[in-house]
Amino acid sequence: MHTVKVLGSGCANCQRLAALTSQALAELDRSEEVEKVTDYAAMAALGVMATPALAIDDQIVFAGRIPSLGALRDTLADRLVAG
Amino acid sequence: MSTLEAPTPLRSLRVPLSFVAAAGVAAGLYIALGPFWNWAVYTLAGLPRGTRWADAVHFFLFDTTKILLLLVGIIFVVRILRSFLSIERTRAMLGGKREGVGNVLAAGLGVATPFCSCSAVPAFIGFVAVGIPLGVTLSFLIASPLVNEVAVVLLYGMFGFEVAALYIGAGLVLAIVAGFVLGHMRLERYIEPMILEAAAVAPLAGGDELQPTWSQRIELGVEEVKAIVGRVWPYLLVGIALGAAIHGWLPTDFFTRVAGPGNPLAVPVAVILGLPFYSNAAGTLPLIEALHAKGMAMGTSLALMMSIVALSLPEMILLRRVLKPRLLAIYAGIVATGIVAIGFLFNAVL
């Protein structure tokens, strides 16, 4: 099982990224849940300096942007299915 | 994806050529806007030229389309240029720099780095983690929202090149000087302990992703246009509508007496009035343009805008997570003083 985390202070951008990620996971038929991380210390520990960020298995794959649904799906498929 | 295909000469020319074509179309549209709305409002719709209603409608339509076109074009280009930088690279460049040089570099990078002020807290932690001095970090955090591409584009579109260039210069100087002064006040003990604890466990390097390809850079540009225009358009419409109303109904010299160049108190009063309000550059500038047209001096108008954009309640709430109240108050005081100085300077030279 992989972990999928959306990191951000809970602003509108972070919520959009979380919603898009859930949608991408659903389209890929994955059962992973999107975990929202709003704690700054936890973000710092992962090395995040720009929010919203997406981490898969605690590795940052996007930071400081909201990628398109297509780009999210490609990245998730890459990391979850291949890994 | 096309990453597996070998780059042929034709393929490598496709991106620059489509850029040139798109820029040509945008420039053509921009030039055509004025004549088009003259025709549409006064001829097609038959509104009588010179009446308040007709001129307000014309102002609203012309300004809205002009600003939207400028925004889309500039945000796209700026985001592509910025894709050569990232907050991680900026941090690496600032690491080990002393104050002075560090403040200048931080202010410049604050303008150039793709960064949203909602990331202020994690960025602050990341900077502290590698030992970047407090004053240098603050120079970055002041420059970033103040000298943003939306503000510069709108200033250029409304007041021309000279005002936009002066604004960029003044914003940079403010960020450099305020950061430098704050850095020399030995205020490190007023950083929240939570930040230092988080910084202690943060990785010191990494996050340096692969360089994006050109198609990824263009994707970033499109994303950014959607995100920013999607966020600012309501502010923009309200600002332009207010501007149109002021344009049409207030007498031309309405502000000349109270806020014209003759009143030295106008600048500090404008800065104080702007403090509690929060809007972004897109929402503020149409209003500023209208106030200026009715006699408010340029420096006073820009000081009001800087105060609204750079010092706001939401920004203070965010920074409060990082800075103890005392440091926050000193920070706000120094930035406000700087804005007042810039207002006086603009009034003197423009």
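**Entry 1: the hairpin**

I started with strand β3 (residues 53-56) of chain A, which four bridges join to strand β4 (residues 59-63) of chain A, the two running antiparallel. I count two strands as paired if DSSP finds at least two bridges between them. Helices (H or I, at least four residues) and strands (E, at least two) are DSSP runs, numbered from the N terminus. A note on the source before I go on: this is a predicted model, in which local features need pLDDT of at least 70 and side-chain atom pairs count only at pLDDT 80 or more, while totals for chains, interfaces and linings use all residues. Residues are numbered from 1 along each chain as its sequence is written, and chains are lettered from A and ligands numbered from 1 in the order in which they are written.

Back to the hairpin: two residues lie between β3(A) and β4(A), and Asp57(A) in the turn has a positive phi of about 50 degrees. I found Ala55(A) opposite Ile60(A) in β4(A).

**Entry 2: the sheet**

Next I looked at the partner of β3(A) in strand β1 (residues 4-7) of chain A; the two pair in the antiparallel sense over four bridges. Here Lys5(A) stands opposite Ala55(A).

I then traced the whole sheet, which is open, has four strands in the order β2-β1-β3-β4 (chain A) and shows mixed pairing. Its edge strands are β2 (34-37) and β4 of chain A, each pairing on one side only. On average, neighbouring strands are turned by 25 degrees against each other, direction ignored. Axes are lines fitted to C-alpha atoms, for helices over the stretch in contact, and angles run from 0 to 180 degrees between N-to-C directions.

What does α1(A) lie across? I see α1(A) across β1, β2 and β3 of chain A, running at about 160 degrees to β1(A).

I picked Asn13(A), found in helix α1 (residues 12-27) of chain A. Asn13(A) counts as buried because it has 20 C-beta neighbours inside 10 Å. The rule is 20 or more other C-beta atoms within 10 Å for buried, 12 or fewer for exposed, and partly exposed in between, with C-beta atoms placed from the backbone. Leaving aside neighbours within four places in sequence, I list Gly8(A), Pro52(A), Ile66(A) and Cys118(B) as contacts of Asn13(A). A contact here means C-beta atoms, placed from the backbone, within 7 Å. I also noted 8.3 Å between the C-alpha atoms of Asn13(A) and Thr51(A), which are 38 residues apart along the chain.

**Entry 3: chain A overall**

Chain A has three helices and four strands, and I read their pattern along the sequence as β-α-β-α-β-β-α. Of its 83 residues, 45% count as buried. Among contacts in chain A with a separation of 6 or more, 64% come from residues 24 or more positions apart.

**Entry 4: where chain A meets chain B**

How many residues of chain A are in contact with chain B? I get 18 residues of chain A in contact with 25 residues of chain B. Helix α2 (residues 40-45) of chain A gives the most to this side of chain A, with five residues. By class, I note eleven nonpolar, six polar and one charged residues on the side of chain A that touches chain B. For these classes, Ala, Val, Leu, Ile, Met, Phe, Trp, Tyr, Cys and Pro are nonpolar, Asp, Glu, Lys and Arg are charged, and the others, Gly among them, are polar.

Terms used. Contact = placed C-beta atoms within 7 Å.
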